[in-house]
Amino acid sequence: MEITKICCIGAGYVGGPTMAVIAQKCPHIQVTVVDLNEQRIKDWNDPNTDNIPIYEPGLSEIVAEARGRNLFFSTEVEKAIDEAQVIFISVNTPTKTYGKGKGMAADLKYIELCARQIAKVAKQNKIVVEKSTLPVRTAEAIKSILDNTGNGVQFQILSNPEFLAEGTAVKDLLNPDRILIGGDSTPEGELAIEALVNVYANWVTKDKILTTNVWSSELSKLTANAFLAQRISSINAMSELCEKTGANVNEVAKAIGMDSRIGPKFLKASVGFGGSCFQKDILNLVYIAKSYGLNEVADYWEQVIIMNDHQKRRFSNKIVQTLYNTVADKKIAFLGWAFKKDTNDTRESAAIYVADDLINEQAEISVYDPKVSRNKMLCDLGYLETRSEVENAKALTIFNNAYEACKESHAIAILTEWDEFTTYDWQKIYESMHKPAFVFDGRNILNAKELESIGFIYNGIGS
Ligand code: NAD
Ligand code: UGA
């Protein structure tokens with residue numbers, strides 16, 4: 001079957017960029033991205049593509065090229081489902097905040113809603129693709145809903161998890177390490193797999209397109225995120241030991257990373273990993289393991305999260321301790337709020353938790369981030385429900401310039417590794433601060449020697 005019409009449910013960080021790249025690389029395929037969130041769709045349709053709702057390097061150019069040609073953003077979910085041969089589900093799968101599995105399991109209510117809507121609308125056979133990250137064996141539930149509530153048409157369910165990282169989404173999509181497609185080994189399942197392989201084959205070489213059974217594909221996604229996060233928690237655990245022993249974590253990371261069996265990537269010690277997925281996916285893995293009675297497996301992976309929480313708290317404690325055990329009424333400048341550079345995403349960013357801890361100690365936080373809005377930062381703090389909106393707004397002052405944010409502060413904390421932070425006139429910043437002036441480099445991006453020669457007291461992670 002040749003695919004000519006695709007629908008994607010969910011115009012978020014995955015649905016938007018993924019479909020934009022498919023549309024760019026497959027001009028013969030009509031791609032419609034739908035979402036219930038009217039504002040989000042309106043923003044994707046903004047005539048000025050610099051205003052699209054997700055900031056990713058290179059994305060606005062791709063949207064400018066394909067939008068209106070074969071890429072469409074719409075709120076007409078049913079129409080798009082009806083017309084498409086292939087429907088990608090890219091909706092959010094957050095950690096459950098209620099009921100059984102609260103705080104651990106993935107909340108599949110949005111996935112189930114999509115399945116029910118597809119079942120209701122579909123009048124012809126369809127391929128349904130799980131693009132969202134899902135617990136292993138979710139395809140079974142989707143199939144059951146589709147087969148039992150549908151109009152008697154045939155559905156093939158494929159798992160096609162997404163491995164893009166934010167900030168490099170376009171690069172990752174254009175040149176992926178691999179594309180993973182899981183499907184049934186029935187003749188119909190194999191035809192569906194082949195149809196999706198052929199979509200990706202428009203720009204990805206076939207040796208990079210891996211096909212597996214559905215359960216391996218679903219579980220591989222959770223496993224990949226667990227391994228990546230585990231590396232960060234492992235190096236962060238070493239960073240604490242480095243601080244006690246005089247070893248330097250950057251030197252340790254370099255030394256071990258040169259072992260080709262270990263490799264150099266994902267060994268940057270930090271204030272802790274953030275982002276919408278690592279924590280959520282590991283908690284989900286822990287929950288699945290527990291539900292099969294695999295308690296040792298569950299405990300093993302849970303430790304990755306425990307270590308990450310410890311690292312965030314350790315960073316805020318270190319600021320308080322170093323500032324003579326009190327930060328009350330002291331101004332602490334945060335450079336960066338996003339969970340990593342080159343994105344405006346702040347979900348689970350370490351900055352939120354460090355700010356919360358310091359505000360509890362009655363510090364005044366001033367923040368500068370090149371891409372994150374004031375509203376977003378206040379919402380992030382609000383979600384923690386530690387204090388009222390008014391109290392948060394009083395404790396957090398947001399600047400659109402780093403020099404202003406740092407002026408008259410006692411300390412600077414680097415929370416995101418934005419490149420521009422390394423280009424600042426640090427002498428000028430030093431002169432505008434209270435003395436002694438401290439820098440807590442949560443990303444190890446600044447030049448410690450240079451800052452110390454200016455007069456700063458520098459604290460990096462693991463040094
Ligand atoms: P997101 O919250 O940015 O986007 C999800 C969108 O789905 C929202 O705009 C929401 O309004 C929409 N939606 C929810 N239910 C809907 C429905 N019934 N009909 C229409 N629209 C609906 O989420 P995201 O970051 O894009 O993540 C989506 C999935 O992809 C998650 O499972 C996540 O784990 C996975 N994932 C995310 C990343 C990432 O970098 N963010 C990378 C790989 C995988
Ligand atoms: C991560 C994975 O890298 C993607 O492959 C995956 O598709 C995605 O999760 C997902 O499923 O959502 P992402 O969270 O966007 O991507 O970004 P990463 O580059 O993985 O960074 C995650 C966090 O780890 C960031 O806070 C980053 O600063 C931190 N990190 C990363 C470190 O602290 N040290 C490192 O060495 C690398």
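In which helix is asparagine 317 found? I looked this up in the predicted model and located asparagine 317 in helix 12, which covers residues 295–322.

**Entry 1: asparagine 317.** Leucine 358 lies 41 residues from asparagine 317 along the chain, and the C-alpha atoms of the two are separated by 8.5 Å.

**Entry 2: helix 6 and helix 9.** I turned to a pair of helices. The axis of helix 6 comes within 9 Å of the axis of helix 9, residues 214–245. The two axes cross at roughly 125 degrees, which makes helix 6 oblique to helix 9. I noted the residues that meet: helix 6 brings Thr138, Ala139 and Glu140, and helix 9 brings Val214, Trp215 and Glu218. By class, the residues of this contact are three nonpolar, one polar and two charged.

**Entry 3: the second largest pocket.** How much space lies in the second largest pocket? I recorded about 310 Å³. The pocket is lined by 19 residues, and the closest to its centre are Leu108, Pro135, Val136, Arg137 and Thr138. Helix 5 (109–121), helix 6 (138–149) and helix 11 (278–291) each give two or more residues to the lining. I sorted the lining by class and found 13 nonpolar, three polar and three charged residues.

Technical notes: Residues numbered from 1 in each chain as written. Chains lettered and ligands numbered in written order. Predicted model: local features only at pLDDT ≥ 70, side-chain atom pairs only at ≥ 80, totals over all residues. Heavy atoms only, no water. 1 Å grid on protein atoms, 1.4 Å probe; cavity = no way out; pocket = protein on both sides within 12 Å on 5 of 7 lines; lining within 4 Å. Points joined across faces, edges and corners; volume = space filled by probe spheres on them. Helix = DSSP H or I, 4+ residues; strand = E, 2+ residues; numbered from the N terminus. Nonpolar A, V, L, I, M, F, W, Y, C, P; charged D, E, K, R; others polar. Axes fitted to C-alpha atoms, helices over the stretch in contact; angles between N-to-C directions. Parallel < 35°, antiparallel > 145°, perpendicular 65-115°, else oblique. Contact = heavy atoms within 4.5 Å.
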